[in-house]
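Subject: Structure handover

Hello,

Here is the structure we spoke about, with notes on its contents below. Please read the notes with the structure open.

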Amino acid sequence: MTRPFRFGVSLVALGSRDAWRAKCRRAEELGYDVLLVPDHLGAPAPFPALVAAAGATRRPRVGTFVLNAGFWNPALLAREVATCDRLTGGRLELGLGTGYVRSEHERAGLPWGSPGERVDHLERTVAELDRLLSDPEHVPSPRQRPRPPLLIGGNGDRVLRLAARRADIAAFTGARQAPGAPEGVIHLISPDELEERTAAYRRFAAGRDEPAEPNHLVQRVVVTDDRRAVARELVPYALGATEEELLEHPALLTGSVGQIAEQVRAHRDRYGFSYICVLDPFMEAFGPVIEELRGS
């Protein structure tokens, strides 16, 4: 069954209190369904930013996109999640991932570990959050029961298997660590590789009554009458992607509003992506596309 679209915006620039509230309200006016905050040093602290976002708006849900599990102790995180869910009136969606920027762990004085160790910690964190937040004796208790919806983000088999077992939303990054580059430098995987990753998730989730909602983060939205010129300009920065791959890749949406809407529909057909997120520099550009796709 084809899922209806949902749209989220990842808000990374804080500014003043009034500017933050105004941005959140504008996102609501544009039709975004979820207001999201990432988890990076140098970006806003996620939970207070989300409480403020919910206080400034009425309709959208709010979410972490995504928490770096290595930053968090599960018991302390459960307290944050439950408190935020209560203060937002049960509008929280909890996004978790392994983290991918080694320098942030070093600046925070936290262990980095191997990829396997980071996935181990993510698995322990998910299991402990499920245990704590579903416990009727846990104080504070979340508004949503047994816990807020869980998004798990990643591309590797272990993370996809975890998402198949536990997640309500499966987020596909469409990128991976660039070979030979410093930790945290990522490059796009090809459209064919991304399709293989979504197919792998579906195999892992084959026993579920209903698979998780598929999510993807768009890196750039450019409204233009010359799609190829935009892709051509981005090739030097795409770390190996060709012009044709960029035009085909769901990380780049470019063309007229109608053309972009058709690309989003095509990506849902090919990859299953129905929950589409954009970065806040492209919030306004994508707004008319939301209007075009609403109800699809």
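The largest cavity is lined by H216, V218, P250, L253, V264, H267, F273 and I276. A cavity here is a set of points, on a 1 Å grid over the protein atoms alone, where a 1.4 Å probe fits but cannot get out, and lining residues have an atom within 4 Å of a point. Strand 10 (213–218) and helix 10 (257–271) are the elements that give two or more residues to this lining. Helices (H or I, at least four residues) and strands (E, at least two) are DSSP runs, numbered from the N terminus. The largest cavity holds about 50 Å³ of space, and the count of cavities of 30 Å³ or more is one. Volume means the space filled by probe spheres set on the points, with grid points joined across faces, edges and corners.

How many of the lining residues are nonpolar, polar or charged? Six are nonpolar, two are polar and none is charged. Nonpolar covers Ala, Val, Leu, Ile, Met, Phe, Trp, Tyr, Cys and Pro; charged covers Asp, Glu, Lys and Arg; the others, Gly among them, are polar.

A note on the source: this is a predicted model, in which local features need pLDDT of at least 70 and side-chain atom pairs count only at pLDDT 80 or more, while totals for chains, interfaces and linings use all residues. Residues are numbered from 1 along each chain as its sequence is written, and side-chain values use heavy atoms, with hydrogens and water left out.

On cysteines, the count of disulfides (pairs of cysteine sulfur atoms within 2.5 Å) is zero. C24 is in no disulfide, and the nearest cysteine sulfur, that of C84, is 12 Å away. Seen from C84, the closest cysteine sulfur is that of C24, and 12 Å is too far for a bond. C24 is buried at 0% relative accessibility, and C84 is buried at 2%. Buried means under 20% relative accessible area, exposed over 50% and partly exposed in between, with a 1.4 Å probe and protein chains only.

C84 lies in helix 3. Apart from neighbours within four places in sequence, C84 is in contact (heavy atoms within 4.5 Å) with F47, L50, V51 and L92. P48 is 36 residues from C84 in sequence, yet their C-alpha atoms are 7.9 Å apart.

Helix 5 (residues 115–133) has 19 residues and should span 27 Å at 1.5 Å a residue, which agrees with the 27 Å between its end C-alpha atoms. The expected span is 1.5 Å times one less than the number of residues. Among the buried residues of helix 5 are R118, L122, T125, L129 and D130. Their cover includes helix 3 (74–87), strand 5 (92–97), strand 6 (150–153) and helix 6 (157–166).

In helix 6, the buried residues are V159, L160, L162, A163 and A164. Helix 5, strand 6, strand 7 (169–172) and helix 7 (191–204) are among the elements that cover them.

Two single residues remain. S10, in strand 1 (residues 6–10), is buried at 3% relative accessible area. Leaving out neighbours within four places in sequence, S10 is in contact with L36, P38, F65, V278, L279 and D280. Y237 is in the loop between helix 8 (227–234) and helix 9 (243–248) and is exposed, at 67%. Y237 and T2 are 235 residues apart in sequence and 34 Å apart in space, C-alpha to C-alpha.

Regards

Conventions
1 Å grid on protein atoms, 1.4 Å probe; cavity = no way out; pocket = protein on both sides within 12 Å on 5 of 7 lines; lining within 4 Å.
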